[in-house]
Amino acid sequence: MSALAFLTRRVGRRSLHWTDWLSYAYLAVGLLMMFGPVLWLLLSSFKTPAALATFPPSLLPYGQKQVSVPGEGAPKPVYRVRLPDGSQRELPEIRRIGLSATYVDPAQPEVPIRASIEGREPVREFRLATENYSDLAGKFRVGLYLWNSVFITLVATLLTLLFNSMAAFALSKYQFKGRAGVFGLILVTLMVPPAIVLVPNFLVINELGLLNSLWGVIWPAVATPTGVFLLRQYMLTIPDELLEAARMDHAGEWRIYWRIVLPLSAPALAVLAIFSVMWRWNDFLWPLIVLSKSEKFTLQLALNAFQGDLVTQWNYLLAMTVMTLLPITLVFAFLQKYITQGIASAGVK
């Protein structure tokens, strides 16, 4: 069934039933609540500082209209001006002295028009302030912060998949004394608030000399009880007969793990990869504790440092926020089909 046919299904055959109206209203409200703030953020990132300060605010990015005037250098702002004869015209301002400004008609630039600035209104038009993004590289080192975030996210995700899958393989396919106790101890750690282990983790990282190092951000969160639980539950669905047949063919345990178990666990690994990428990319507190040098900052820390005490350039801050959301959105869009499949399969033994 196509997506359009699924979304347009209804109870009533000829006309919409009241349950159809209720369902569509519920979906519309949910869609607005979920994507409304994201849409507002995206459109606001293309607004000029003056447009962001406009009250009441507008959804679409509007900027003051500017036109080129012969004999003048940069384009001039256009205002709706009330002239001394009582008429109103849209004219570009070429200079201003006190409460009086000089305007000019682009068709007749040699004839200056003088009028008071009282009562004039700026003429606004739809305008995308793309300079909010293009100027970021010149304002501060976006590329360096992006590389730090990408490096931490990719390396931590790969290590998380490796260590958690090895632990899950041992807990699901090996019979040894105390296996249930080890697994129970791992589950107990899920109830420990992350803030409690911040100080012990910091002391360990400090003793290892990993402060102000990207590896100091990566190592403490490599092994996660959530990942071990998810992968173990999925690996329990893999028939033990496959492993026994491989052992009869003289396959080693590492080869069984690498060539049989991991490929069959691809949906669960994809789910854990999505979770890991979201955890590492959006992490703020732990990098804030470990990293104090600006050249080691991630994008999240750079966003926090970019906000000044007295003046904040919100147009650049919003543009950088969109840049931080874009990678995680793309990852989720490409791998989201594995979420329900992996989680549903993990619960079937």
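On a 1 Å grid over the protein atoms alone, a cavity is a set of points where a 1.4 Å probe fits but cannot get out. Grid points are joined across faces, edges and corners, and a volume is the space filled by probe spheres set on the points. This is a predicted model, with local features needing pLDDT of at least 70, side-chain atom pairs pLDDT 80 or more, and totals for chains, interfaces and linings using all residues. Residues are numbered from 1 along each chain, and side-chain values use heavy atoms, leaving out hydrogens and water.

**View 1. The largest cavity holds about 50 Å³ of space.** The count here is 2 cavities of 30 Å³ or more. Lining residues (an atom within 4 Å of a point) include Ser149, Ile152, Thr153, Trp281 and Gln300. H6 gives the most to this lining, with 3 residues; helices are DSSP runs (H or I, at least four residues), numbered from the N terminus.

**View 2. The second largest cavity comes in at about 40 Å³.** Its lining is Ile152, Ala156, Val217, Ile218, Ala221, Arg280 and Asp283.

**View 3. Helix H6 (residues 142-173) meets helix H10 (residues 225-235), with axes within 8 Å and a crossing of roughly 45°.** That makes H6 oblique to H10 (oblique is what remains after under 35 degrees, roughly parallel; over 145, roughly antiparallel; and 65 to 115, roughly perpendicular). Axes are lines fitted to C-alpha atoms, for helices over the stretch in contact, with angles from 0 to 180 degrees between N-to-C directions.

Methods. Helices (H or I, at least four residues) and strands (E, at least two) are DSSP runs, numbered from the N terminus. On a 1 Å grid over the protein atoms alone, a cavity is a set of points where a 1.4 Å probe fits but cannot get out, and a pocket is an open set with protein on both sides within 12 Å along at least five of seven lines; lining residues have an atom within 4 Å of a point.
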